[in-house]
Amino acid sequence: MNSLQTEIARRRTFAIISHPDAGKTTLTEKLLLYGGALQLAGSVKAKGNQRRATSDWMELEKQRGISVTSTVLQFEYSGLMLNLLDTPGHNDFSADTYRTLTAADSAVMLIDNAKGVEAQTKKLFKVCRQRGIPIFTFVNKMDHEGIGPLDLLSEVEETLGIRSVPMNWPIGQGADFQGIYDRQTHAVHLYERTARGATTAGHKEYQLEDPEVKKTVGDRLYQQLLDEIELLNVAGEEIDLNQILAGQLTPVFFGSALTNFGVQQFLDQFIKIAPAPTERLSQDAAISPDNAFSGFVFKIQANMDPAHRDRIAFLRIVSGEFEKDMEVIHSRTGKTLKLNRPQKLFARDRETVETAFAGDIIGLTNPGAFRLGDTLSLDGVLKYEEVPAFKPEAFASIQSEDVARYKHFEKGVNQLSEEGLVDLFWDHRAQTRTPILGVIGKLQFDVVQFRLLSEYGVKTTIYPVPYTEIAWVTGPEKDIMNIFFGSENKLVKDNSGNYAILSISERQLDFIKLRNESLQFSESPP
Ligand code: G4P
């Protein structure tokens, strides 16, 4: 193995997905603590006037207590370099989450023991499934009463349609939760509850047969454990690595992030099984991670740090080694770019990257140069098509309340549309001052207004529009102009100048499609 291959082999790039409140922030914090990336428990999420989540930095997130954007955390653990992608849990940010998952090689699905598989877990799981990445399940909050581990596994299998294999088994649950049994090493890990915020739980390891185990957990739980282990051995799935890596079987771990039960055991097994970066498909070939440098932009974020006021493009390196000041070719424009200010991103804190490898994520600050999905490579020919465009599902028009700040308004809406937060549509004849916004979830309207105010100093008003459907249209210009729109449809231009039709119903759109056979219609921009 050469040094590039060694670096690639030690990388694990993964995302944690969960329904809000399942404990994602808490688990993230514990993983960072084990990796030595955080010194103080509670610094990711602390109450009151203490600093809130390191990965949870936006003002709006603070106000609403939700995670709106995704960040990347990189830390070393046990000789490996872990890249953890934080994904927003809220329903209305699924496009952003989807894009983030294109950068991950595996996912950890967090389930609340007391609540089971929740709505957002299902949605996010579906996205991971589509991508075919391995999915690890961590059943959190075992210190809360749930339906029981066997029934929970059935629920996972039935609601999500994936087979599961427990890697460890809980000893008791709720107030009785005492520890976990490791099905591979046959070791029993018993914990003592520690003060909140402690780095590690008081923890002892025994062999299953050790009389101390029975003495500590009591006869009833000990017998139950033996019975359940036997049941799993006889009737459960085999631990099949190939199926896990193909995303067909999910390894399940039980624990409690808050009390540190089972977290380190999870991390130790996770890093052994989770895949290092592997090849990815470009437009015409599979690209191995040890090829020459290439990568794609999966996320753009404006004003990440109010002190910097710049736009950051997050690049997932697919292959090769990246070096500061490197010259690369931007596939979409054919231009050569010098990447002279690459950033390593640890939420708010930034550091310049000198080198990075396949699997890593770097932040690029070249203003305005990037769009979502752009590929960078040495030869300029490669193109990754990992980042899809999404069809907006809700529309509204937006206006700046202060005419004198229109320039700021325009800059703001354009930058937010580059991020993929909203789509912008303008009257097809001229850019009026009130664009129509297209979003996937209505909460995004609030996010847009909030960000325009806090980052661009522009107060705005949102007005309803009657449209609920969209189709992009291409073909001879005169035929487009000849379409009969009536009062229920409207011709607009998107931010790249493509024509699209907004309509009040699918029926109306179908009608237009039928009557205009010379034109082509599509659900995403041409
Ligand atoms: P999220 O990022 O997925 O939204 O969840 P987060 O980590 O913020 O956790 C949600 C709540 O669940 C928090 O409580 C957190 O302390 C708690 N929690 C996380 N893991 C466990 C666990 O293993 N056991 C128990 N019992 N609780 C857990 P909170 O009251 O909302 O906030 P806080 O007062 O703890 O900050």
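This is a predicted model: local features need pLDDT of at least 70, side-chain atom pairs count only at pLDDT 80 or more; totals for chains, interfaces and linings use all residues.
## Helix crossing

Helix α11 covers residues 406–418 and helix α12 covers residues 443–456. Their axes come within 10 Å and cross at roughly 125°. That angle makes α11 oblique to α12.

Which residues make the contact? On α11 they are His408, Phe409, Lys411, Gly412, Val413, Gln415 and Leu416. On α12 they are Val448, Arg451, Leu452 and Tyr456. By class, the contact of α11 with α12 has 6 nonpolar, 3 polar and 2 charged residues.

## Aromatic pairs

A pair of aromatic rings is described by the distance of the centres and the angle of the planes. With ring centres within 6.5 Å as the cut-off, the count comes to 15 aromatic pairs. Take Phe395 and Phe425. Their ring centres are 6.3 Å apart and their planes stand at 55°, so the pair is tilted. Planes over 60 degrees apart would count as edge-to-face.

The pair links distant parts of the chain. Phe395 sits in strand β24 (residues 394–400), and Phe425 sits in strand β25 (residues 423–427). The two are 30 residues apart. Are these residues buried or exposed? Phe395 is buried, with a relative accessible area of 6%. Phe425 is buried too, with a value of 1%. The cut-off for buried is under 20%.

Elsewhere, one aromatic cluster is formed by Phe14, Phe136, Phe138, Phe253, Phe266 and Phe270.

## Around Ala107

Ala107 lies in strand β4 (residues 106–112). Its relative accessible area is 0%, so Ala107 is buried. What does Ala107 touch, leaving aside its neighbours within four places in sequence? The contacts are Ala15, Cys128, Ile133, Pro134, Ile135 and Phe136.

Phe136 ties this site to the aromatic cluster: Phe136 is in contact with Ala107 and is one of the cluster's members. Ala107 and Phe136 are 29 residues apart along the chain. Their C-alpha atoms are separated by 6.2 Å.

## The chain as a whole

The chain has 14 helices and 31 strands. Buried residues make up 56% of its 526 residues. Phe395, Phe425 and Ala107 are among them.

How much of the contact set joins residues at least 24 apart? Among contacts between residues at least 6 apart in sequence, the share is 69%.

Conventions: Residues are numbered from 1 along each chain as its sequence is written. Side-chain values use heavy atoms; hydrogens and water are left out. Axes are lines fitted to C-alpha atoms, for helices over the stretch in contact, and angles run from 0 to 180 degrees between N-to-C directions. Helices (H or I, at least four residues) and strands (E, at least two) are DSSP runs, numbered from the N terminus. Angles under 35 degrees count as roughly parallel, over 145 as roughly antiparallel, 65 to 115 as roughly perpendicular and the rest as oblique. Contact means heavy atoms within 4.5 Å. Ala, Val, Leu, Ile, Met, Phe, Trp, Tyr, Cys and Pro count as nonpolar, Asp, Glu, Lys and Arg as charged, and the others, Gly among them, as polar. Rings of Phe, Tyr and Trp (its six-membered ring) pair if their centres lie within 6.5 Å; planes under 30 degrees apart count as stacked, over 60 as edge-to-face and the rest as tilted. Buried means under 20% relative accessible area, exposed over 50%, partly exposed in between (1.4 Å probe, protein chains only).
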